[in-house]
Amino acid sequence: MPDMAKLTLYHHVYTSISGYKTVYVSPELKPDVVRALEAFSDTLYPRVRQHTLRSLYHPSPDHICISRVFRSSADHAGRRRSCVHNILFSKSELLDLRYVNPFAFPESLFLKTAPEPAQVLSLKRTLPRHLDLGSPSPDDLKIDENILNAPVAQTIFSAVISNHDMAIIAPAFDCYSFLATAGDMLPPFLRLSTAVVAGTIYRSTYTDGATVYSLEPGFDIHALKNEGVITYDTTSGHTANLPAPNRYFAFVASNLTEDESPPEPDIPEAAPQGGPISTTLDLSSGILGPAPQAPSQLSGPEKVRRLVALVHRYPIARIASNDMYHNLVKAFKATSHCFKDDGSVDAMCDVNAILKYLLAFYQAGYTHIVLDTLRWAFGDLEAKGELTSSGDILKQLEASLEDSQVQPAQKEAAINRLASWLTRTYTKT
């Protein structure tokens, strides 16, 4: 039975008890993190009106925080109080889980009313210390075929993928809920590096990805436009600084509507280099499972599901550039039939196709697809008696790819040599 995942939660509660201040904080949080939480809370609490404000932001390099800002009962002077409940968790802990979307965490984790003075001491006991996540898997990834139908949804998704900050004025559109539904289609590191701030502008130096500001009608966004921030105002119909859609967004959006863009030109095959290879590889796993469907048999949404499963199974530890997304989509469009529903590569489904695009997958940041493919191919040739002793060459390649002192051109040349030799070998057999 798969291990059950449990995420540790840390709490910070900020409200008015003889003035606005922190009334509770988990003792594990360091003073610099608490100061960042207080700065955020002090900025946000005056902005809340009748509607709760939900945000996700990064108060430190190590934490992600989901926040609920709401109006509550009156204070000692009879004035309505605002309350900010911040819940933090480890970014690295969540990244290890891969298939979990923090935007979709349940509202039940948060306080419903601001605590009274007599209740503060009991918060340590009553606030949840952990979130049980079950056994996250590719089956949990949510692909909603209708989520990108609205232009504002397309713009937000495109902006996040392109790593551009964005200000949204759309009273009928909930940016936080949108990312709760659409966030699974984002690569894990990107999803955990994206922020949503509701009600005002708040910038954190620890946010690696884009920040989406969800603002009320009438908010002055003139300065943001001049800074180059994408702006989208549904009340006036004005937009500015819209980004060109990158290849990942275009692929997802077009395939969810079954409206594929024209095929791209193939990447030229590498020129044959080097000679036969004789090393050792122990591949005990064999060729398992049914062969994936050919490209023509896959619907658009099925292709999106496989791509989303791929980027979760083989996550990269940084935000991809547009060039990296370009290489990923180019390679995946030609080899989608070589991936299973869980995102794993089945190189022997069409070994010539996957070898042809091996370098593109590496240039997209997916080193482990390269290595898994080579293990499949070498293991297959060993089983056929065409090759012996291939383990050393794979160990050398893996060490080279992980070595920061080796130049990228050398790494790419090594991948090309192996792919070219394997392609020639399969042509002969």
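**Pockets and cysteines in a predicted model**

The lining of the second largest pocket divides into 8 nonpolar, 4 polar and 4 charged residues. Here nonpolar covers Ala, Val, Leu, Ile, Met, Phe, Trp, Tyr, Cys and Pro, charged covers Asp, Glu, Lys and Arg, and polar the others, Gly among them. This is a predicted model, where local features need pLDDT of at least 70 and side-chain atom pairs pLDDT 80 or more, while totals for chains, interfaces and linings use all residues. Residues are numbered from 1 along each chain as its sequence is written, and side-chain values use heavy atoms, without hydrogens and water.

A pocket, on a 1 Å grid over the protein atoms alone, is an open set of points where a 1.4 Å probe fits, with protein on both sides within 12 Å along at least five of seven lines; lining residues have an atom within 4 Å of a point.

The volume of the second largest pocket is about 340 Å³, counted as the space filled by probe spheres set on the points, which are joined across faces, edges and corners. Its lining has 16 residues, and closest to the centre are Ile316, Arg318, Gly365, Thr367 and Leu401.

The largest pocket holds about 440 Å³. Of its 21 lining residues, His51, Thr52, Leu53, Ser214 and Glu216 are closest to the centre. That lining has 11 nonpolar, 5 polar and 5 charged residues.

Now the cysteines. There are 0 disulfides in the structure, a disulfide being a pair of cysteine sulfur atoms within 2.5 Å. For Cys349, the closest cysteine sulfur is in Cys338, at 4.7 Å, which is too far for a bond.
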